[in-house]
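The structure under study is shown first.

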Amino acid sequence: MNNETSGELTYLLADLDAREAVLIDPHACDLPVLLALLAERDLRLRWVLRSHHHDALQPEEFGHLALLGAAVVQGDALAALPLADGVVLPFGGELVRILATPGHTSTCLSFGWRDRLFCGGLLAVTACPHQQRPADPEALWDSVTQRVFTLPDETLLFAGHEQRVRAVSTVLEQRRWHPYFAGQTRDEFLAHMAALPDKK
């Protein structure tokens with residue numbers, strides 16, 4: 001699902017045989033549509049996966065998402081679930097792996113499924129409507145270069161924010177042509193981040 005106003009993207013993964021599903025980065029404003037979509041396919045929601053969140057700006061969001069009736073997995077609540085980096089979450093006959101990828105926010109997660117990685121705002125850098133500067137540029141560099149760019153070249157990357165009308169790319173494409181990471185040293189990247197204008 002694409003929120004045309006904000007550019008935020010939501011993904012639904014489902015095992016249709018087992019009729020179980022997960023939602024990645026759902027938004028409370030879409031609750032009626034999401035519930036209808038699940039009901040239409042007779043899907044039981046196992047997990048609500050949030051790559052990142054801005055609950056300080058949207059304090060009702062977490063409570064509304066809990067109405068979906070599944071455990072809400074987000075970085076600052078992993079220990080309470082209890083979950084950790086590298087843990088695998090089942091739904092039907094499928095598995096989703098949690099990767100800690102801080103940087104856009106201090107507790108960002110990415111979610112690996114088959115040959116795909118759902119990485120939220122990690123590569124968007126300046127495209128998030130709620131936060132246009134990374135919370136932790138040093139951690140962002142490490143997450144992208146050491147956790148994402150070390151995946152196989154053909155790994156599909158699904159963004160949490162639409163960029164230039166695109167939601168899907170590959171590790172190889174981003175490693176070669178990302179405007180902030182490709183061909184940059186860590187120091188050059190950090191200098192670019194320091195020079196970003198403050199959000200108006």
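**Entry 1: cavities.** I searched the whole structure and found one cavity of 30 Å³ or more. I took a cavity to be a set of points, on a 1 Å grid over the protein atoms alone, where a 1.4 Å probe fits but cannot get out. Grid points were joined across faces, edges and corners, and the volume is the space filled by probe spheres set on the points. The largest cavity holds about 120 Å³ of space. I counted 14 residues in its lining (an atom within 4 Å of a point). Glu 8, His 27, Arg 50, His 52 and His 53 lie nearest the centre of the largest cavity. I sorted the lining by class and noted two nonpolar, eight polar and four charged residues. Here Ala, Val, Leu, Ile, Met, Phe, Trp, Tyr, Cys and Pro count as nonpolar, Asp, Glu, Lys and Arg as charged, and the others, Gly among them, as polar.

**Entry 2: basis of the values.** I note that the model is predicted, that local features need pLDDT of at least 70 and side-chain atom pairs pLDDT 80 or more, and that totals for chains, interfaces and linings use all residues. Residues are numbered from 1 along each chain as its sequence is written, and side-chain values use heavy atoms, with hydrogens and water left out.

**Entry 3: salt bridges.** I found seven salt bridges in the structure, each being a side-chain nitrogen of Lys or Arg within 4 Å of a carboxyl oxygen of Asp or Glu.

I looked up Arg 46 and found it paired with Glu 20, with 3.3 Å between the closest N and O atoms. The two are 26 residues apart, Arg 46 in strand 3 (residues 44-49) and Glu 20 in strand 2 (residues 20-24). Strands (E, at least two residues) and helices (H or I, at least four) are DSSP runs, numbered from the N terminus. Arg 46 is partly exposed at 24% relative accessible area, whereas Glu 20 is buried at 12%. I used under 20% for buried, over 50% for exposed and the range in between for partly exposed (1.4 Å probe, protein chains only). A network of salt bridges links Glu 20, Arg 44 and Arg 46.

I next looked up Asp 153, which bridges to Arg 175 with the closest N and O atoms 2.7 Å apart. Asp 153 lies in the loop between helix 3 and strand 9 (156-163) and Arg 175 in helix 4 (residues 171-177), so the pair ties together parts 22 residues apart in sequence. Asp 153 is partly exposed at 35%, and Arg 175 is partly exposed at 28%.

Note on methods
On a 1 Å grid over the protein atoms alone, a cavity is a set of points where a 1.4 Å probe fits but cannot get out, and a pocket is an open set with protein on both sides within 12 Å along at least five of seven lines; lining residues have an atom within 4 Å of a point.
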